[in-house]
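Please consult the sequence and the structure shown below.

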Amino acid sequence: MTRPLVAGIHLSALKHNFQKVRQAAPASKVMAVVKANAYGHGMDRVVSALTGADGFGVASLEEASRLRQIGIQQPVTLLEGFFEKDELAEIARLQLDVVVHHESQLSQLECAKLAMPLRVWLKIDSGMHRLGFLPDDAIPAYQRLVHCASVGKVDLFSHLAYADDRRSGYTERQLSIFQDAVKGLEGECSVANSGAILGWPDTHRDWVRPGLMLYGISPFIGSTAEDEGLQPVMTLGSRLIAVNRYRRQDAVGYGGAWVCPEDMDVGVAAIGYGDGYPRHAASGTPVLVNGKRAGIVGRVSMDMVTIDLRGHADAKVGDPVVLWGDGLPVEEVAQHAGTIAYELVCSVAPRSLRYEILE
Ligand SMILES: *Cc1c(COP(=O)(O)O)cnc(C)c1O
């Protein structure tokens, strides 16, 4: 028997979520963000299902090359631009678009001799304070790009720091800083990630850049996909590989972190942090055993988790265990593990995982 770990990928849910992007931002083009192996969902199959996307966003030349290799003809944007000037020839050959966020990239572009000029997204730091030209430096950087022989078209780009928080006024402030910085400059504009697509229509502009919401995960603090009309794309499942009866006071797993409060059944499912399940998931983190809620107990091991089977008298070896997805929001699991859903889905490790494509 192979290790029973499966990530079910619901392509119909992915398509539904894409339509939600279209509905929320009907006047904008959609750059579907598929970096990090499409947030752990498998980039090739995600991209093949998103035939209606106007473009794709990735984080590396390797990811972008793969998209060209599987025949993607839409614009593909390197969201962090290039890391070394040696990449530029290949970027030009594959006709990729680049985000330019730093002066070092500007000077490398100025020195480059490319067969084809590149489309460049000039990234402006409107308040995220991570990457981008400060607002005062936007116009000089824009002018240098416009006059650079390696650059064809120049467009305008920024990223939001608080779009996960509907109550924050920061997104509006960032938008207004962005607008002031690019006043009078020609070019298409792109600002909105998933949170902004659903929460701040004024940010939509020419191109929206959804990642998380495509995968059916809520971009907002304290809400789930269902609350936002999204459908989870990934269901991560495994099976029970043991059901054991222990006595009151028996300690379970590494460090004896769980002590049985009474005589009880403890199940073992084949999934652990080596597969991407969060090691910090606390006792009580929910899973579904045969579709019914149970909680994990004790420490998460590399290949296994232990599960409190009180109230699951029928549970037996081979029974299905859902870690997140259908019937169990990944957002809720993330909360129990002190992390965010982004990290959970991105960490799913292809080590022993089978992907199963579901329509
Ligand atoms: C990852 C990324 C996105 C997508 O963000 P979500 O919150 O997942 O929608 C958009 N823009 C940039 C620049 C990114 O790096």
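How many nonpolar, polar and charged residues does the lining of the largest cavity have? The lining has ten nonpolar, three polar and one charged residues; Ala, Val, Leu, Ile, Met, Phe, Trp, Tyr, Cys and Pro count as nonpolar, Asp, Glu, Lys and Arg as charged, and the others, Gly among them, as polar.

The model is predicted, with local features requiring pLDDT of at least 70 and side-chain atom pairs pLDDT 80 or more, while totals for chains, interfaces and linings use all residues. Residues are numbered from 1 along each chain as its sequence is written, and side-chain values use heavy atoms, without hydrogens and water.

**Cavity and pocket**

On a 1 Å grid over the protein atoms alone, a cavity is a set of points where a 1.4 Å probe fits but cannot get out, whereas a pocket is an open set with protein on both sides within 12 Å along at least five of seven lines; lining residues have an atom within 4 Å of a point. The count comes to one cavity of 30 Å³ or more.

| Space | Volume | Lining residues nearest the centre |
|---|---|---|
| Largest cavity | about 70 Å³ | Gly 216, Ile 217, Pro 232, Met 234, Val 330 |
| Largest pocket | about 910 Å³ | Asp 164, Asn 193, Leu 212, Ile 340, Tyr 342 |

The pocket lining divides into 20 nonpolar, eleven polar and eight charged residues. Helices here are DSSP runs (H or I, at least four residues), numbered from the N terminus.

**Helix packing**

Helix 6 (residues 103-111) packs against helix 7 (residues 138-146) at an angle of about 20°, with the axes 10 Å apart. The two are therefore roughly parallel (angles under 35 degrees). In contact (heavy atoms within 4.5 Å), Glu 103, Leu 106, Ser 107, Leu 109 and Glu 110 of helix 6 meet Ala 141, Arg 144 and Leu 145 of helix 7. These residues comprise four nonpolar, one polar and three charged.

Technical notes: Axes are lines fitted to C-alpha atoms, for helices over the stretch in contact, and angles run from 0 to 180 degrees between N-to-C directions. Angles under 35 degrees count as roughly parallel, over 145 as roughly antiparallel, 65 to 115 as roughly perpendicular and the rest as oblique. Grid points are joined across faces, edges and corners, and a volume is the space filled by probe spheres set on the points.
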